[in-house]
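Hello,

Here is the structure we talked about. Please open it and follow along with the notes below.

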Amino acid sequence: MLKQTDAMDKVCAFAPATIANVNVGFDVLGLSLATLGDKVEVSPNGLGYNRISEIISETPLPTDPEKNSCTYVIKKMQEALHTDVTVDVRIKKGFASGSGLGSSSASSAAAAFAFNALMGTPFTREELLPFAAEGERIACGAAHFDNVSPALLGGIVLLHQQRPIRLPQPKELFAVSFFPNIEVKTASSRSIIAQHASLNVIAKQVSAMGAFVAALYNEDYALLKEACKDYLVEPSRKILIPFFDEMREATLACGGLAFGISGSGPSVFALASTRSTAEKIQHSLEHCYEGTGIKTISLVEDLKEGKGATLCEY
Ligand code: HSE
């Protein structure tokens with residue numbers, strides 16, 4: 001039976017927000033942001049059960065250890081390790097749940113990373129992915145890997161048969177994340193996706209994914225711009241996001257490379273090859289919501305800073 005090392009009385013990990021799908025890869029592609037994210041601290045409690053001792057979050061989250069994604073992930077790890085080490089868990093959310101920026105996965109990834117460190121790192125980062133994905137199952141009903149993989153590994157990650165493939169990052173690539181504060185639950189956003197697509201649409205999407213990957217390997221920004229399109233899911237989902245088409249037009253008018261729904265929404269994302277273009281896009285997106293009464297949060301991040309989960313102070 002595995003016991004935690006005496007030296008570690010508490011461990012805290014940070015895991016970043018993520019943009020899933022990135023237009024071309026529904027459920028199989030994601031990229032990590034750098035500074036926005038969640039922190040999860042674990043400390044052995046000797047109680048024989050896990051307990052959530054603190055949640056700092058603007059939106060309410062489950063405190064029942066069976067329903068909270070962090071404690072659920074930890075429980076799955078404890079079962080795999082056959083350990084009797086149980087923990088108190090403190091969670092500090094860096095952004096709203098239901099934003100489309102991988103909120104549940106940032107917490108799940110941070111919980112997995114922190115508990116793994118507490119136990120003396122029995123699992124590699126890659127081996128933590130299925131545990132973190134279990135947190136997604138609890139949070140939204142589907143154990144999809146496209147947020148938890150970049151949250152744990154950092155960078156741009158493609159999933160092939162649930163195994164991560166790290167894709168190269170172009171030297172200059174900036175993401176704009178724009179969150180209109182309206183509620184879109186992942187489960188309901190998944191439920192409205194058309195379940196069947198024509199062969200023509202599937203062929204276009206497969207081609208777009210291949211071209212996107214080639215663009216990353218060749219640092220070909222023109223190809224990236226042509227390729228980074230969602231033919232499969234966006235047509236069903238964009239009705240959930242006010243001013244979606246206006247925001248796309250604004251992004252392209254500013255010289256953006258791509259625009260689309262971040263994960264299951266309501267956040268949208270844009271990609272740009274310079275920080276100044278990204279900031280111009282950010283202002284244009286904010287402009288689209290001016291006078292609507294809908295609060296918005298936006299940020300620009302340099303994608304080469306996206307390193308995945310790390311140990312940190314709480
Ligand atoms: N791939 C998932 C979806 C991501 O689009 O529903 C959810 O953040």
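In this predicted model, four strands form an open sheet in the order β8-β9-β7-β10. Their pairing is antiparallel. β8 (258-261) and β10 (296-302) are the edge strands. Each has a single partner strand, so one side of each lacks a neighbour in the sheet. From one strand to the next, the twist averages 15 degrees.

Look next at the pairing of β7 with β10. Strand β7 covers residues 174-180 and runs antiparallel to β10, with seven bridges joining the two. V176 stands opposite V300 of β10.

Two helices go with this sheet. Helix α10 (residues 275-288) packs on the sheet and touches β7, β8, β9 and β10. The direction of α10 makes about 170 degrees with that of β10. Helix α9 (residues 244-253) lies across β7, β8 and β9 (268-272). Relative to β8, α9 runs at about 160 degrees.

Now to helix α3. It has 16 residues, 125-140. At 1.5 Å a residue it should span 22 Å, and its end C-alpha atoms are 23 Å apart, which agrees.

Which residues of α3 are buried? They are L128, L129, F131, A132, A133, E134, G135, E136 and C140. The elements that cover the buried residues of α3 include helices α1 (69-81), α2 (103-118), α4 (148-153) and α5 (186-191), along with strand β6 (163-167). Just after α3, G141 takes a positive phi of about 90 degrees.

Best wishes

Conventions. Residues are numbered from 1 along each chain as its sequence is written. This is a predicted model: local features need pLDDT of at least 70, side-chain atom pairs count only at pLDDT 80 or more; totals for chains, interfaces and linings use all residues. Side-chain values use heavy atoms; hydrogens and water are left out. Two strands pair if DSSP finds at least two bridges between them. Axes are lines fitted to C-alpha atoms, for helices over the stretch in contact, and angles run from 0 to 180 degrees between N-to-C directions. Contact means heavy atoms within 4.5 Å. The expected span of a helix is 1.5 Å times one less than its number of residues. Buried means under 20% relative accessible area, exposed over 50%, partly exposed in between (1.4 Å probe, protein chains only).
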